[in-house]
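Here are a few friendly notes to read alongside the model. Keep the 3D view open and find each residue as you come to it.

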Amino acid sequence: MQTKLSLITLACLFLGALSGFLLQEQILNIEFLGTIYLDALKLLVFPVIVVYVISAVYESGRNKGALVWKAILLFAVLFVISFLISSGIVFVFNPAAQFELHATETTVEATSFSASSILFNVLPKDLMGFFMGKYLLFSILVSYVLGFLAYHFKWDAFMGGINWIKKYIQIILKAIMYYAPVAVFSLMGVSVYRFGLDVLLSGFAYITVAYLAGVVVLAVVMILPIKIFKGIPLLGYVKKLYPVWPISFSTCSSAATMPYTLKVCKDDLHVDPKIADIVVPLGCTIHMCGGAVSFSLLGIFCARFFSVPVDLLLFATMLAYALFINMAAPGIPGGGIIIGATYLQGLGIPLDFMGFYSGIYKVLDMLYTTLNVTGDISASVLLNKN
């Protein structure tokens, strides 16, 4: 069903573009359909990030042990390196170069990004700001503390409530994903009417740069270190990885690929089962290397898309937000879209691109999932004592 929905969404993207080109101003009559979708994403930012961060920290605490913390540290290092490499590629090829928005209403808040805006996100000033995503960084930090306290003091009733909320959030997220094709049709049609067919070229450039960055990260971050630190021949390692890739590519699910991931680790690469049985499921939870490519591209692309200067301060904030948010990404179909909206909201970058992003996400998710799965295998091999 998820594959059919992704195909329908992709079809609606192209139909929306055609409608915007043919209908011109009349397409604005259905603009509200896309606005509903973007508003729903904004409203879900706060509950999603709080519930999933608390849950992720709590579960990490339950799986305490030196190996878990070593794995988390290794995943974080892999994430940062992958993010930096991907960002360099995005800066060089600049997929938004053909379609940058200038002097639009949506750029006002984003262009005011500064050190004071970071402080504004950390120190809350009004209750409603939480629910509007103003204080995302503060919400993340508090959620990490609550998750730690819930584990340390065994707040079982509290976590029962969190899991109950999480269940209903998943239902709402699923409903939004089913509504996505309608929203994509509306948003794409309006975008083509306002900005021309160049928006499609930008989308193609976005996908191309994503795959280019993914291949480089795969080679430099996940394959080369195995040769350097473990002495495994590069070609031999790739041959052992290859059987997993068609599964991760087609399912777009680290969890669905997990049995095959564990088999490759234990049987083909001779990783200690005690290590593989901890590192691989943990990797499926915190999704690192694919997430690094995803967030670096999305953040820099959208910043340039809306003519927001990406200085060192904004870039460092992108990296910090991405690292924390990615560790709590919801493991549901289309979850990357919600987390992507959360990420942009925290940076103060408009969400207008998310309609188009929803339409092409399936194509991107195949890459990101494959990178995540490969990263799980490489982390297991690097942590293996043999």
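**Notes on the predicted model**

1. Start in the middle of things. The largest nonpolar core has 119 residues, and the members that touch the most others are Tyr-37, Phe-83, Tyr-343 and Ile-377. Please remember throughout that this is a predicted model.

2. Now pick out Tyr-343 from that group. Setting aside neighbours within four places in sequence, Tyr-343 is in contact with Phe-83, Phe-295, Leu-298, Gly-299, Met-318, Tyr-321, Ala-322 and Ile-325.

3. Step back to the whole chain. The protein chain has 16 helices and 0 strands. Of its 386 residues, 52% count as buried. Among contacts with a separation of 6 or more, 83% are between residues 24 or more positions apart.

4. A nonpolar patch on the surface is formed by Leu-15, Leu-18, Phe-21, Leu-22, Leu-23 and Leu-197, which together have about 570 Å² of accessible area. One of them, Leu-23, sits in helix α1 (residues 2-23). Leu-23 counts as partly exposed because its relative accessibility is 40%, and a patch residue needs over 30%.

5. Is Ser-87 buried or exposed? Ser-87 is buried, because its relative accessible area is 2% and the cut-off for buried is under 20%. You will find Ser-87 in helix α3 (residues 66-93). Apart from neighbours within four places in sequence, Ser-87 is in contact with Ser-296, Ile-300 and Phe-315.

6. Cys-12 is buried at 16% relative accessible area, and Cys-289 is buried at 2%. The count of disulfides comes to 0.

7. Finally, look for a charged pair. Side chains of opposite charge can pair when their charged atoms come close. The structure holds 1 salt bridge, formed by Asp-277 with Lys-266, whose closest N and O atoms are 2.7 Å apart. This pair links distant parts of the chain, with Asp-277 in helix α12 (residues 273-286) and Lys-266 in helix α11 (residues 254-268), 11 residues apart. Asp-277 counts as partly exposed at 39% relative accessibility, and Lys-266 counts as partly exposed at 27%.

Notes
Residues are numbered from 1 along each chain as its sequence is written. This is a predicted model: local features need pLDDT of at least 70, side-chain atom pairs count only at pLDDT 80 or more; totals for chains, interfaces and linings use all residues. Side-chain values use heavy atoms; hydrogens and water are left out. A nonpolar core is a set of buried Ala, Val, Leu, Ile, Met, Phe, Trp, Tyr and Cys residues joined through side-chain atoms within 4.5 Å. Buried means under 20% relative accessible area, exposed over 50%, partly exposed in between (1.4 Å probe, protein chains only). Contact means heavy atoms within 4.5 Å. Helices (H or I, at least four residues) and strands (E, at least two) are DSSP runs, numbered from the N terminus. A disulfide is a pair of cysteine sulfur atoms within 2.5 Å. Patches are made of residues with over 30% relative accessible area and no salt bridge: like charges are joined within 9 Å, nonpolar side chains (Val, Leu, Ile, Met, Phe, Trp, Tyr) within 5 Å. Accessible areas come from the Shrake-Rupley method with a 1.4 Å probe; for residues, only the protein chains shown count as cover. A salt bridge is a side-chain nitrogen of Lys or Arg within 4 Å of a carboxyl oxygen of Asp or Glu.
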